[in-house]
Amino acid sequence: MPLWLWLVDSLALLVALSAFLLVALVVRRRWLTRRGGAFEMSVNRHPEASARGWMLGIAVYRSTEIEWFRGFSLSPRPKYRLPRGAVQIDGRRPPQGAEAYALHDSHVIVDAQSPTPIRQLALSPSSLTGLLAWLESSPPGQGVNNVL
């Protein structure tokens, strides 16, 4: 078999694998969002304002926690779980400098304290309102109103 035929076959295989990965990412995103209660939310483990460390993803409400999935991953498991009673949200600010390019357009940034290493969240203003309402509206007796 000539060398050029091996190159053509390798290129075709590379294109097929790339197409498969792209389709798999789209199918995973649709599967996550069809379960209901999903919204776009980026997370950062660094407390300072910089473009470093932001990860785009999808958050999904559950009864007692928020599951956060990386946007560009094929894993069906959440990367982080934010328990309702252990999350504290503080402040709100627009993206500064290069953060505006690292995040989705029109997202706001809030400081977060939780048992996970997440220190900042970026989400749309309407998603932030929903998140704050979800944190404040816990079932009676759980005492999880941690919105500062």
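Me: Which residues make the nonpolar surface patch?

Reply: A patch gathers residues with over 30% relative accessible area and no salt bridge, joining nonpolar side chains (Val, Leu, Ile, Met, Phe, Trp, Tyr) within 5 Å and like charges within 9 Å; the areas come from the Shrake-Rupley method with a 1.4 Å probe, and for residues only the protein chains shown count as cover. Here M1, L3, W6 and L7 make a nonpolar patch of about 520 Å². This is a predicted model, in which local features need pLDDT of at least 70 and side-chain atom pairs count only at pLDDT 80 or more, whereas totals for chains, interfaces and linings use all residues. Residues are numbered from 1 along each chain as its sequence is written, and side-chain values use heavy atoms, with hydrogens and water left out.

Me: Is L7 buried or exposed?

Reply: Buried means under 20% relative accessible area and exposed over 50%, with partly exposed in between (1.4 Å probe, protein chains only). L7, which is found in helix α1, has a relative accessible area of 56% and is therefore exposed.

Me: In what order do the seven strands of the sheet lie?

Reply: Helices (H or I, at least four residues) and strands (E, at least two) are DSSP runs numbered from the N terminus, and two strands pair if DSSP finds at least two bridges between them. The sheet is open, with antiparallel pairing and the order β4-β3-β2-β1-β7-β6-β5. Strands β4 and β5 (88–93) stand at the edges with a single partner strand each, so one side of each has no neighbour in the sheet. From one strand to the next the twist averages 35 degrees, where axes are lines fitted to C-alpha atoms (for helices over the stretch in contact) and angles run from 0 to 180 degrees between N-to-C directions. Within this sheet, β6 (residues 108–113) and β7 (residues 120–123) run antiparallel and are joined by four bridges, V110 having L121 as its bridge partner in β7.

Me: Which strands does α1 lie across?

Reply: With contact taken as heavy atoms within 4.5 Å, α1 lies across β1, β2 (57–61) and β3, and runs at about 25 degrees to β2.

Me: How many salt bridges does the count come to?

Reply: A salt bridge is a side-chain nitrogen of Lys or Arg within 4 Å of a carboxyl oxygen of Asp or Glu, and the count comes to six. In one of them, R29 and E40 have their closest N and O atoms 2.7 Å apart; R29 lies in helix α1 (residues 3–34) and E40 in strand β1 (residues 38–44), so this pair ties together parts that are 11 residues apart in sequence. R29 is partly exposed at 36% relative accessibility, and E40 is partly exposed at 30%.

Me: Which residues are linked in a network of salt bridges?

Reply: The network links R62, E65, E67 and R81. Its pairs include R62 with E67 (3.4 Å, N to O) and E65 with R81 (2.9 Å, N to O). The latter links distant parts of the chain, as E65 in β3 (residues 65–70) and R81 in β4 (residues 80–83) are 16 residues apart.
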